[in-house]
Each structure stands twice: as C-alpha cells, then as structure tokens.
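My notes are below, in the order I wrote them.

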Amino acid sequence: MTTALLEVDNLSIGYRTATGIKLAVDGVSFRVERGGSLGLVGESGCGKTTIGMGLMRLLASNARIVSGQARFEGEDLTTVSEKRMRQIRWRRISMIFQAAMNALNPVHRVQDQIAEAIITHEPDLSSHAVAHRSRSLFDLVKIPESRLRDYPHQFSGGMRQRVIIAMALACNPSLIIADEPTTALDVIVQNQILGAIGTFQKEMNIGMIFISHDLAVVADVCTHIGVMHAGSMVEYGLQQEVLDCPGHPYTRMLVGSLLTLSDEPADLAGLVCPTPNGPSISGGCPVQTICPNATAACRREQADWVALSRTHRVRCQHAGEQS
Amino acid sequence: MSEKFFSSPTPENTPCPAANRHRSHWVERFLDGWSVYRKNTIGRIGLTLLGLFALMAAASFIPQWVNPIYHPMTGVDPLISHSTGPSLRHWLGTDYIGRDIFSQLLAGARVAFMVGISSALVSILFGTTIGMVAGYAGRRTDLVLMRLADMIMVMPTLLVVLILSALFGQLNIWVIVLMIALFRWPGVARVIRSQTLSLRHRPFIEAARVSGASHLRIIFRHILPNVMPLALLYMTFRVTSAIIIEAALAFLGFGDPGTVSWGMMLQWVWKTGHMFQAPYWLLPPGICISLITMAFYMTGRAMDDVLDPRLRKEETQA
Amino acid sequence: MGLKRFIFRRLVEIAVIFFVIMTILFVLFRLAPGDPVSRMVDPSMTPEDARLLMETMGLDQPVWTQYLYYLKNAATGNMGISFHYGEPVSHILMNRLPNTILLFTTSIILSALLGVFLGKIAAWKQGERIDTLMTIGALFCHTLFLPWLALIMIWFFAYWVGWFPITGMVSPEVWIDPDAGFLIKALDVLHHMALPLMTLILIHFGSYLLVMRSSMLETLKDDYILTARAKGLDEKTIRDHHAAPNAALPVVTSVGLSLAFSINGGALTETVFTWPGLGRELVFSVSHADYPLAQAAFLLIAIVVLLANLVVDVLYAYLDPRIRY
C-alpha cells in the first residue's frame, strides 16, 4: 500500500464553552491519495468545514484539536510548530474558499495578492519570474491577462472564484482543501468551476479535499466520498460505492434526495429534523433522531466501523442488513 | 411576559389594548434596562460622577446663603481683594478681585447642567421631529431635509455663534442655548431618520395605516415610542457638546457676563494674567469640564450597551 | 473618469452652499439692530473716504443693488477695509490663511496617523492591558477641554520648563535678520508651532484611535483575513498590510465628519497661542466690532471647511478602489 498524501487518524476537534469542551468533530479518519480527491459531505454544522480549518490549523481561538493525528508528507499537522505550519500553508496545502465578496482583500490588486502568495514562500524568485507565473496562472484558469491589474470587486462571482483557484495553485501545492467552492455560484458557472478544478487536479496530480453540502457536486468530482453527520463520519468509500450502494441510512436519505432526470420521479426522502451541532446527544448514534430504523442499540452506543468492502465502510449497527 | 398582558381583561373605556400595553410596558422596560445598566462599570462610574456634579449644582445656592461674601459674582470679601490660594476661609482660594472660587465652581456646575440639558432637549426635539418626518415622508422631503442637515453639520458651531454675537451684541445665556441647539440637531436627525426608515415598513405600521390612522398619529403614536430610546441616548452626547461650546464661548469672552460658568472662570484666569501664578484657579474649572464631559460620555456609552440589543428586540415586539 | 466628474459635482455643491451662506450673512447684517452702514464703513473715517467707500460698495443704493454689489465685491475679493488695521480686509486675511492651513493640516494629518497607528495596535492586542490603557488614554484626552489644555501646556512647557515660546508664530529677531536662511526661519516657525500642534494632536488623536480600533476589530472578522492566514503570512504582515489599510478607511470618513469640530478647536488654539491665523482673526475682529474683517474671516473659514470636506472625500475615493473603479 502506497503512503497516502494525507492520512487523518481519529481526529477530534472541540470548542471551549462555559460548560467544558464541546466536540465539533468526533474521531474522524480518512485518507487522501496523491492525485485523488475526497468529498466531505454533510449538512451545515456537521463539522466538515471544521476539519478543513483544523488541518490548516486555522481554527478559532476557542477551538482546539483534542486528539488524533493528521500525517501529511511525513509530518503530523496537529503537532508541528506554528512557524512550520506557516511554511506548509499554501506551499504544500492551499485552500479554495467560497467566492464570497470578501475572500480577496478589496484594496489590493489581484496580481499583488497572487504575487504575495508566491513571494512569501519563494522569496528568491525575481519579480520577473513572479509576474510570469501570475500570467500563466491566469492563463490556466482562462482569465485574460489584462484583468491582472484589476481589483477583486471588478470581477463577477465566477471569475472571482477562478482567481481564487489560480491563487491556490500559485505555489504548486500537493493538497488543496476546497471549502464550498461552488456554493455561491449559479449552476452554469458551477459546472465550469467544477470542470476547471477537476482538470487541474488531474493534470497537476494534486490531492484534494472537497467540502460541500451538495452531494451532487461532490459526486461529479471526487474519487472518494465521506459522509458526515453531527461531527462523526458515518460512511466512507469510493464514489461509486457510496452513491450506488449507500450503506448508511443517512447516506441513503442524501442520495435519495438527489433529483434525477430519470423517467420516474424519485422518492424524495426529506430530512426534516434540525441538525444538532456536533454530537450533542449523549452517546449513541448521531443519526438516531432522523433514522427510520433506529433501535435501542443505536441509542445506547455508536456503532463501530463495518466494512462493506475493501474500500467501503459504514458506521451503523444495522449495516448490511438492508438491500 | 406577553401572557401577562393578554390574559388580563381590558376595560371597555381604555383607548385600545395596544396603547394600554405600551404604558406599563415602558416601566417594565425601564426597570429591565436599569438592571442591565447597573452591572456596567463604566455606566456606574459615569452616573456617580454625574451625581456628584448634580450635588454641586444643587449646593450652589448654599455659599451665598451662608455668607454674602461667598457669592460667586458679587461676593466681596472685605479682607481679601486679590487672588489668594486655598485657605480655611476660602476652600479653593479667591480670584483676582477676591471672590470665592469654590462657590464659583458650584455655580458653574449649575450652569453646565442648565445649558447642557436644555440645549440637548431642544436639539433632540428638533432632531427627532425632523428625523421622523424625513424617514417617514416621501423621498423629496427626505432629500431636502437631509441636505439641510448636511449643510448645518458642516458649519463650525462655535464660529457661527461668534459671528452672530458680533451682530447682535452680547448674548444672553438662553439665546446661546438656543443657538447651540439649532446647530446640533442634524446628528440626531440622521440617526432617527434611519431608524424611522427601518420601522416604516414594519407590519404594525401598515396595520395602523390600514385602520385609518392619520400620518401624524402614526408618527407620534407608533414611531416615536420606538425611536425614543435612541433619541435619549443621543441626548447625552448633545449635552456634552453643548457644555463644551458654551464653555468655549465664555472662554473667548462671548458668554453671558451675568452667569458664572466654568468657561467664564477660565476666561478670567487667562485674561487677568493669573495663569502662571494661580493653579488653584486655573485647574478646578478645567478639570470639572473634562470630568463632566467624561461622565456624560460614560453614561451614554453604558446606555448604548443596554439599548443596543434591546433596540433589536424592540423591532420584533412593536 | 468618475473621479473628475465627482469633484466637479462637489465643487458646484460647494459653490451653492457658499452662495447660500453669503446670502444669509448679507441678510443678517442688515437685520441686526443698528445702522448697517456703520458696519461697513468705519465711522472714524474722513467723510470723503467714507463716501468713496460707500460708492464702491454700493451702500447708497437700494437693497437689491447692494446685494449685487456685495456679490461682485466678494467675487473680486474686495471685502472692505478693516476698522482696526485700516488695511483692505483681503490683504490681512490672505496673509493669515497660510498660517491656518499650515497648523490645521499638519495637526489633522499627524493626529490621524497617530490614531491609526495606536488604534491598530490596540485592536490587535484587544483585551490586553495595553489595549485598555490606550482606550482609556484616548478617552481621557478626548474629553479634555481644549482651551484649558492649551493653557496648561503653555504653563508647563513655556513658562515652567521654558522649552517653547509662549506666543506667536515667529520670533521677530529671526525674521528681520537679513542673513537668516530659509532653514533657520522654518525651524523657528516649527519651534513656535510645537505647542499648539501638540495640543491639537492630543485632543484629536483619541477619537481617531477609537474609530480605528473598532474598525479594525470589524475588519479582522472579514474573510480575506482568513485567506491571508491560510497563505502562511505572519501576523504582523496580516495586521499591517491586510487589515489596517481596510480598517483605516472609516478613519478618513471620521476625519471628514469631525472637520467642523476641528476648526472650532483650531480657532481656540490660535487664540490662546496667539497664532496669527484666520480663527484668531475672527475672534479678534468680533471682539473689536471690526465688522468687515469678521464677515470676511467667517466666509473664508467657511470656504476652507467646505474645501477641506471635499479634499477628505476625494482622499477616501482615492484610497478605496471600490469607489475609484
């Protein structure tokens, strides 16, 4: 077995509250291969963004990594010094954020912001080289070079996202964490962006963690899918496996809620309950409140991982029982 | 809390249940706000200081009642006719013609409150009314009123009052108060206007319109109670600027010669050349002006903290 | 581009406002009790001179014509003869204008810079002792009474310690000396300017500090700060290069809003320190019933304030690319 690019082992992240540490991420494990991509799917508040932030060590001041490891290129991201982390950031792992208006600094030109990323990590590069790379990056994302001197507010949402992608690629990282990169965009642009991301990833052999609440989007781009709910990962496997034979009731509901253009209207399994933020239910499976098959055993304790195949595992007491 | 109001039977002759609810609602809110305010350290310090000054103002009548030589303006001490330092006879010393400085300080407190509060009241009155009208009436009225407000805000109040006093001679304290108020309302007006704008489209206003209420009634019955807390908050800031402007005017020599204010005291120190030798005369008035400004500011800030979340809560309760 | 049009539009607005102010002054001058003529013409002038002046200013004509004369004279800069100085008002004021601009502009720029610098640090170290110290210090300075602070400064620095001169802008010996070069003269002015400048800065930097601090705290919540962190930038760069330029914009607005307050303070400072500027001239002329001078001084100050507002707005538009493009 080749060494994965990133191997996360039983990661737990919690927030300090008045009543103690409240876990937002509870014992999550996964791998990302070089050139592979993992889609982390789940509702808002399920902890997927927290994982991304935690890996980059960009958590809020009242949050901390409680336990677990994140082995990346031979180093454990949870324990490296802040100084080393700053070196890793962007150079080895970069991020693609939502194309929110303020993801880029409004008072700096776009080319300066890209150049800043490059110069911070490769200070010996000549300004000529930096400019050249900025131009080729823009070529890569298909934005005219003339737009390099513009300010962020002069770009449309889709173009801004492409600028953000270009910036993320600036230092040729090994891993990109994309946090809801297409959420703020309309469907057509979304498609373009997804295509762009997929292309770079394959061409440059970059590993990716794609965080989204939209299973349909993730289904398009990712090789592996990890389904999260209330801070725990409940299912993990190859894209086909998870989509075609979802082992977990929650995943089944998610898949079932995907609208298709097939001839029969699919049964929309609605998820009607509010999501608890993190495992607030004391013990037991995090999905017990919305699972139609919850039993007393589910309420008592959370299930161990059950392997449905070599690459597909599920965390459910009743895994494998249903067709 | 709403159950308490809805469950009690409404008497037949009260105007309407909503209005009735308003009145006891007010007392409740005030008490609520007070308990929050009390915990705020800054607010407590501010209020304590204000209390101190209020005490001074109230006590300003005492010295000359005790002995006419202590009268701030006309007190003539047969034994002393020049500036002296603090002594048992004169707690803070005497000014250049032997008048007691301490009683002048007390009188100044009275003037400060008088000027500050009355000027603030007038400018709040103006500002709130104009703000509400601007926020509620059509775009053209709004535009005209706000242009006017902008123009007035640009003008340096002190200098305007100066030029007016050039024309109209020595000014009476109440004229000064009025003039200060006339130039300080735009700040309030702008804030009240935006609050009114946000209230204008609330359902309860629409409901009032549909039930046939006239515009005036809507403005004063429905909008005013909701913007009142904001207006009161800004009043504290108006008070400070009024006090400072009056003090500056008096300092320059354009105040009302018949009133003893702290600014006037500073003028005397300065103009009679006693600045360098009489710190007991120079320091107290300046310290008082700064302290009262700070006190009002602190009170205002604490009120701001109290009102801010409550303002938002207010919008959903109507 | 849009900027030129913007400036042009504002200049038109300023002209309108100024026109309104002039008209109001005109009306007031005639409404006030007493003989309006005696306000324009020094009663102690010789009859011939008085008559000549009256003709130039159209004071023997009906009101409407007077108004037109008034406007024409203002446009050509003829605002009458000062009672006190006996010279044309425009000469006197043009002489004073640069002094005021020097003191005023320097004090605003320096207090804004100081406020931005300290406010940035205060926000960065929010909650720590240095933040509390700076906030309280800013508040304290802001509530000081300006004339009183000026007197204290004079008392301490000029009288007691003797480091700075007590009054004026220049030392006569230096300026009369034909051998003194520009540098010596400039240093002399700076020497005299130190105290009034310090007083003004102390009073004003506080509010800029507080604005910068709260603006910075808001800015730190913005998304691009997270992006900057993710890029691996160090804290200082994030603070100074990313957060501060955005947070400083509301300070510029705040400067514009407090211009009236600043000009009040400027006039008071000039008076106490006997700095020969417009503000002091206004106060002086009002207390000496020198009407032509008072009126002209006021109008000139009004123009300065209006133009200063414009400068601040243009500066803001220049600094914020979202407005420029």
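**Ground rules.** This is a predicted model, where local features need pLDDT of at least 70, side-chain atom pairs count only at pLDDT 80 or more, and totals for chains, interfaces and linings use all residues. Residues are numbered from 1 along each chain as its sequence is written, while chains are lettered from A and ligands numbered from 1 in the order in which they are written.

**Chain A, overview.** I get ten helices and twelve strands for chain A; helices (H or I, at least four residues) and strands (E, at least two) are DSSP runs numbered from the N terminus. Of its 323 residues, 45% count as buried, meaning 20 or more other C-beta atoms lie within 10 Å of the residue's own, with exposed at 12 or fewer and partly exposed in between; C-beta atoms are placed from the backbone. I also looked at contacts between residues at least 6 apart in sequence: 65% of them in chain A join residues at least 24 apart. A contact here needs C-beta atoms, placed from the backbone, within 7 Å.

**Strand 8 of chain A.** Is this strand buried or exposed? Six of the six residues of strand 8 (residues 207-212) of chain A are buried, so it is largely enclosed by the rest of the structure. I checked both faces: A:G207, A:I209 and A:I211 are buried on one side, and A:M208, A:F210 and A:S212 on the other. Strand 3 (residues 37-41) of chain A runs parallel to strand 8 of chain A and is joined to it by five bridges, with A:L38 partnered by A:I209. Strand 7 (residues 175-179) of chain A is also parallel to strand 8 of chain A, again over five bridges, and A:L175 stands opposite A:G207. Pairing requires at least two DSSP bridges between the strands.

**The open sheet of chain A.** I traced four strands in the order 2-1-4-5, paired antiparallel. Strand 2 (20-32) and strand 5 (75-76) of chain A are the edges, each with a single partner strand, so one side of each has no neighbour in the sheet. Strand 4 (residues 63-72) and strand 5 of chain A pair over two bridges; A:R71 has A:D76 as its bridge partner. Helix 1 (residues 48-55) of chain A packs on this sheet, touching strand 1 (6-17), strand 2 and strand 4 of chain A, and its direction makes about 80° with that of strand 2 of chain A.

**A helix pair in chain B.** Helix 7 (residues 157-168) and helix 10 (residues 215-252) of chain B pack at about 45°, axes 10 Å apart. The axes are lines fitted to C-alpha atoms, for helices over the stretch in contact, and angles run from 0 to 180 degrees between N-to-C directions. The two helices of chain B are therefore oblique to each other; under 35 degrees would be roughly parallel, over 145 roughly antiparallel, 65 to 115 roughly perpendicular, and oblique is the rest. B:T157, B:L158 and B:V161 of helix 7 of chain B meet B:I245, B:A248 and B:L249 of helix 10 of chain B.

**Chain C contacts.** Chain C puts 18 residues in contact with 23 of chain A, and helix 10 of chain C gives the largest share of its side, six residues. Against chain B, the contact takes 30 residues from chain C and 31 from chain B. Helix 14 of chain C gives the largest share of that chain C side, seven residues.

Technical notes
Two residues are in contact if their C-beta atoms, placed from the backbone, lie within 7 Å.
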